[in-house]
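Please open the model in a viewer and keep the selection panel at hand. The stops below follow one another as a short tour.

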Amino acid sequence: MEFLNGKNIRIIILAVLDLLTIFFASMGALILRFDMSSIPDEYLHNALSALPAYFAITIAVMVVFRLYNRVWTYASINELFSIVKASVAIEVLMLCYHVFVQSATSMPRSYYFLTFGLMTIAFLCTRFAKMVIKQLKSNQRKATIVNRIMVIGAGSAATILIKELKTAG
């Protein structure tokens, strides 16, 4: 059971959240594009039949962009840009899949933009939620500074140390 250590559990949870994000972004795009009761069957069928490919592409792109190997407690603008780049890559690959593999009936053009927007927002929310919750908790207890310290050198380790000291109170 060495496989089920803390890091791998976190990766599995993120992957499951990513798959749920893809499902809800895909269905949400159709719901936003059409009224919920009037989604044409061909589009619904194409979206549902493309989900396995969507899932595989999403996991592969997230692995390539190393979005499962980051410490999301200390997420910054670099992680935000990585998520946006990964979302663009996922949507471009899915557009190619729909055009070249499911060429019989294409999806509406707005579907891809709506899916991209919903997917990107959901990825950002799932990745940055831990940081936001931690920040909100630290703001609630607002400890006063008793001792002042100065961290000299140490590069990125110092940045992490300073953030941890601020949140720990």
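**First stop: the nonpolar patch**

Select helix 1 (residues 6-33), which supplies the largest share of the nonpolar patch, 8 residues; helices here are DSSP runs of H or I with at least four residues, numbered from the N terminus. This is a predicted model, in which local features need pLDDT of at least 70 and side-chain atom pairs count only at pLDDT 80 or more, while totals for chains, interfaces and linings use all residues. Residues are numbered from 1 along each chain as its sequence is written, and side-chain values use heavy atoms, with hydrogens and water left out.

Next, display L4, I9, I12, I13, V16, L17, L20, F23, F24 and L48 as a surface: together they form a nonpolar patch of about 830 Å². Patch members have over 30% relative accessible area and no salt bridge, and nonpolar side chains (Val, Leu, Ile, Met, Phe, Trp, Tyr) are joined within 5 Å. A salt bridge is a side-chain nitrogen of Lys or Arg within 4 Å of a carboxyl oxygen of Asp or Glu. Areas follow the Shrake-Rupley method with a 1.4 Å probe, and for residues only the protein chains shown count as cover.

Finally, select S87 in helix 3 (residues 77-100). S87 is buried, at 0% relative accessibility; buried means under 20% relative accessible area, exposed over 50%, and partly exposed in between. Beyond residues up to four places away in sequence, S87 touches F116, M119, T120 and F123.

Definitions and conventions: Patches are made of residues with over 30% relative accessible area and no salt bridge: like charges are joined within 9 Å, nonpolar side chains (Val, Leu, Ile, Met, Phe, Trp, Tyr) within 5 Å. Helices (H or I, at least four residues) and strands (E, at least two) are DSSP runs, numbered from the N terminus. Buried means under 20% relative accessible area, exposed over 50%, partly exposed in between (1.4 Å probe, protein chains only). Contact means heavy atoms within 4.5 Å.
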